[in-house]
Amino acid sequence: PSGGKVNNNNNKNNSNDNSSNGVGGGTDPPPPDGPSPPSAADEEAELARQRKAAKKRDKKARQREAKRREAEAKAAAAAERKREKAITSWRSRVVAACRGGDGRGMERLVGESPYRNYCPGDSANGANDDENNNSSNNNGGGDGEAYLRDQLDWLVGSCVQKYPPSGLPDGDGDNPARAALVSYILSVCPGVLTECRDGGRSGVHSAAYGNDAELVGWVADFLNDNNDNDAGGGDGDVPSPLADTCGDAGWTPLHYAVAGGSGSALEALLGRGCDPRARTDPELTRFRSRGYGSGVTPRELAVVLQSGAIDEDLVSHGSAVDEVVEGRIGGGGERGRSAYRSSLRSIEARLRHVEEHGYSAPAGGKGEPRGGEAPSGGGGSRTPADQQATSAGNNKKAKKKKKKKDQQQQQQQPAS
């Protein structure tokens, strides 16, 4: 029995060894080390899952970007509306100050100008968010400069030209508010008054025609102070805007001064060296009898306008001649036409004298423009700042005089 027990134990051990070695016992062999390689179907499914997740991420990113752009566009539109509202309010106050001749009020408004650091460009409406483009637009290039010119053009037409010194309610010859506004416009964008745009006239041409010698003088002073001188054909250097021909009829400011019967503006231009023999652009205005050889001088234009034979003597493009015929020769009633013809005769005689003897200030200062040549007593030309100072002093004296007169009247009433 003891021997049989030993044999059974040996058989049991052998059975266990065989089972552990995978021999017999009916069990599968163990798997090899590491995961099994994925099949082609598994790889395709994984790629599809990754593509779907990427599309989902891209869609969310696009949605976030669209919301960001929409928010920026709304904010920019709100800021633009706020800015335009402030500009409208500022412009209405400028008009009121210019209409009333409020020089100090205009100085404050100029200091509050919404155009000083604002030149919107394409990015103002959210169309272009590139930082480089934004910086160029803020420096006044492109659409920003055009916007600024349009805004200042509005100020010229609604204030500078609409409210000249003679239009003040109290009849005072000085308008310090207008002087401050012109000085501001010239400092920000002088081309608004000096350049011919869209084939038309410059501010100097219009001022000469309207006998605004004060504005002509201010522009000339600004150009001289900033060394913007080109040979204009006269004696010495003349700022080119004072001698340029316009793209409308090819006239210089001198021709417009003649056509307008503007003696003061004529003196302002002659006194600053403009050539009295300057001719029009022959391709735009010329004598019919001369062909395309040469244009018309200011004195010759004065002679033609006096004769009334404009269509017979001149070939002139543009609207200048029609404007003169309708507004000066054919309008204003008999008294106005008589005064215009008298002005033309004086202008013709004056130009003839300057052609023959050179320019000299008119005797006694007659016809001398404000802002132009100084009287023979000296004192130099009057700048906008000088104009404001003089007007402020005159206004103060007038107020004191009126106050004293009112007090005297009040004292006399009880006695009577």
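Colleague: Which residues in H15 does H12 meet?
Modeller: This is a predicted model, in which local features need pLDDT of at least 70, side-chain atom pairs count only at pLDDT 80 or more, and totals for chains, interfaces and linings use all residues. Residues are numbered from 1 along each chain as its sequence is written, and side-chain values use heavy atoms, with hydrogens and water left out. Taking contact as heavy atoms within 4.5 Å, Pro298, Arg299, Ala302, Val303, Leu305 and Gln306 in H12 meet Tyr340, Leu344, Arg345, Glu348, Leu351, Arg352 and Glu355 in H15.

Colleague: At roughly what angle do the axes of H12 and H15 cross?
Modeller: Helices are DSSP runs of H or I with at least four residues, numbered from the N terminus, and axes are lines fitted to C-alpha atoms over the stretch in contact, with angles from 0 to 180 degrees between N-to-C directions. The axes of H12 (residues 298–307) and H15 (residues 333–357) come within 9 Å and cross at roughly 155°. Since angles over 145 degrees count as such, that makes H12 and H15 roughly antiparallel.

Colleague: Which residues of H15 are buried?
Modeller: Buried means under 20% relative accessible area, computed with a 1.4 Å probe on protein chains only. The cover over these positions includes H10 (253–259), H11 (263–271), H12 and H14 (320–329). The buried residues of H15 are Tyr340, Leu344, Ile347, Glu348, Arg350, Leu351, Val354 and Glu355.

Note on methods
Helix = DSSP H or I, 4+ residues; strand = E, 2+ residues; numbered from the N terminus. Parallel < 35°, antiparallel > 145°, perpendicular 65-115°, else oblique. Buried < 20%, exposed > 50% of the residue type's maximum accessible area, 1.4 Å probe, protein only.
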